[in-house]
Amino acid sequence: MTNTQTETISPAAAAKTARLWMPKRVLFTPAALDEPFGRQIHKRISSLGIEPVVLPSNRLTNLRGADERETYRNAKNTLAVVTAPPGALRLQPIPPSADWQFHLAEGCPAHCQYCYLAGSLQGPPVTRVFANLPAILENTIRYEQPGRFTTFEASCYTDPLGIEHLTGSLEASIRHFRQRENTQLRWVTKFDHVEPLLGLPHHGRVRPRLSLNAEIVTRRLEGGTASLSSRLAALRKLALPTVLGGGGYPVGVVLAPIMPIPGWQEAYTQLFDQIGQALDFPCDLTFELISHRFTPGSKEVLTGWYPNTSLEMDEARRVKKTNKFGGVKYVYPGDQMRALRQFFEAKIASRFPDARVLYWT
Ligand code: SF4
């Protein structure tokens with residue numbers, strides 16, 4: 001980023017990529033098949049050699065296994081194509097990430113042991129894809145603020161790139177937002193299969209971000225995602241100018257969840273080195289900095305899913321915070337937070353002086 005040298009995608013890009021997720025079970029509700037976009041997904045999935053099952057009703061049932069483990073295993077191997085309920089058209093703000101959130105799916109096939117979805121989505125972690133996406137996208141127009149730049153976040157409840165080969169929902173979203181002046185589509189991923197998105201015109205109205213962490217965190221806690229080197233290669237491809245074979249997107253790095261693991265300064269310094277190598281050309285770059293936190297609810301779900309996790313979720317080592325609705329979360333103590341924040345902001349200022357830090361939380 002600080003170096004003006006440009007080159008085509010480097011050999012580092014040839015790093016091992018995550019396998020594309022192929023669900024063992026794909027379910028369609030009849031209502032999803034009534035939607036033209038749902039039928040498009042059906043065709044796409046069938047062409048991948050997967051035979052979808054059409055359910056007798058619009059309810060998803062029989063998702064539970066004999067025990068918690070089996071329920072988790074079955075759900076993480078299931079893709080359900082459904083129609084989003086009418087409530088999905090009432091958008092919610094999502095500060096500080098964007099003005100509004102909308103959902104092209106809920107759930108994710110990966111196995112991150114700290115997954116933030118554990119505290120927000122109920123029931124078995126099936127990935128549900130919305131067949132009425134065109135209506136969901138059309139509805140976002142009502143939330144554009146005249147004369148003001150409006151941002152829309154698509155990754156609050158899913159990793160959109162992790163399921164893109166099965167759905168095409170991200171491409172449909174990019175096609176929508178590229179036509180909307182004064183808007184930005186924002187999405188974030190831990191996957192790396194960006195090639196189908198590189199040739200798409202986006203008019204700078206889409207900001208993909210890669211979720212990155214220190215190598216040891218990625219390896220230990222982020223099962224089923226692309227390796228760190230593959231994600232860095234994907235970031236590079238997205239940011240490279242189109243004339244050099246890249247996507248020419250404004251890009252972002254989401255550093256999350258930041259954790260003061262033993263040797264964290266060295267581990268995160270190495271990560272900044274790697275980001276610098278991946279983005280060794282001028283580009284529009286933002287950072288979002290998110291420290292690890294958990295809630296009583298997310299801890300209970302996560303320890304059920306990952307009983308042997310090495311993830312620290314010890315209330316005694318945290319500070320309890322209560323929001324105005326009575327919700328509780330546990331964050332790092334003030335001293336630790338200040339040290340982390342200072343370190344990350346200083347590193348970014350010195351290594352990526354043209355990049356913007358959007359927020360620390
Ligand atoms: S990639 Fe994101 S949504 Fe998916 S399991 Fe990991 S943290 Fe959860």
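In which loop is N62 found?

**View 1. The loop that holds N62, in a predicted model.** N62 is found in the loop between β2, which spans residues 53-54, and α3, which spans residues 68-76. Although N62 is not a glycine, its phi is positive, at about 55 degrees.

**View 2. The shell of residues around the ligand.** The residues that surround the ligand are C108, A110, C112, C115, Y116, L117, D159 and K190. When this shell is divided by residue class, 6 of its members are nonpolar and 2 are charged, while no polar residue takes part. As for the site itself, the ligand sits in the largest pocket.

**View 3. The cis peptide bond from P95 to P96.** Between P95 and P96 the peptide bond is cis, and its omega is near 0 degrees. P96 has its place in the loop that runs between strand β4 (92-94) and strand β5 (98-101).

**View 4. The cis peptide bond that joins A256 and P257.** A256 and P257 are joined by a cis peptide bond with an omega of about -15 degrees. P257 lies in strand β13, which covers residues 251-258.

**View 5. The crossing of helices α4 and α6.** Helix α4 is formed by residues 133-140 and helix α6 by residues 169-177, and their axes come within 11 Å and cross at roughly 30 degrees. Because angles under 35 degrees count as roughly parallel, α4 and α6 are therefore described as roughly parallel to each other. The crossing in which α4 passes α6 is right-handed.

**View 6. The crossing of helices α10 and α12.** The axes of helix α10, made up of residues 264-278, and of helix α12, made up of residues 334-351, come within 11 Å, and the angle at which they cross is roughly 25 degrees. With such an angle, α10 and α12 are therefore roughly parallel to each other, and the handedness of their crossing is right-handed.

Terms used:
Residues are numbered from 1 along each chain as its sequence is written. This is a predicted model: local features need pLDDT of at least 70, side-chain atom pairs count only at pLDDT 80 or more; totals for chains, interfaces and linings use all residues. Side-chain values use heavy atoms; hydrogens and water are left out. A residue is near a molecule or strand if one of its heavy atoms lies within 4 Å of it. On a 1 Å grid over the protein atoms alone, a cavity is a set of points where a 1.4 Å probe fits but cannot get out, and a pocket is an open set with protein on both sides within 12 Å along at least five of seven lines; lining residues have an atom within 4 Å of a point. A molecule sits in a cavity or pocket if more than half of its atoms lie within 2 Å of its grid points. Ala, Val, Leu, Ile, Met, Phe, Trp, Tyr, Cys and Pro count as nonpolar, Asp, Glu, Lys and Arg as charged, and the others, Gly among them, as polar. Axes are lines fitted to C-alpha atoms, for helices over the stretch in contact, and angles run from 0 to 180 degrees between N-to-C directions. Helices (H or I, at least four residues) and strands (E, at least two) are DSSP runs, numbered from the N terminus. Angles under 35 degrees count as roughly parallel, over 145 as roughly antiparallel, 65 to 115 as roughly perpendicular and the rest as oblique. A crossing is left-handed if the near helix is turned anticlockwise from the far one by less than a right angle, and right-handed if clockwise.
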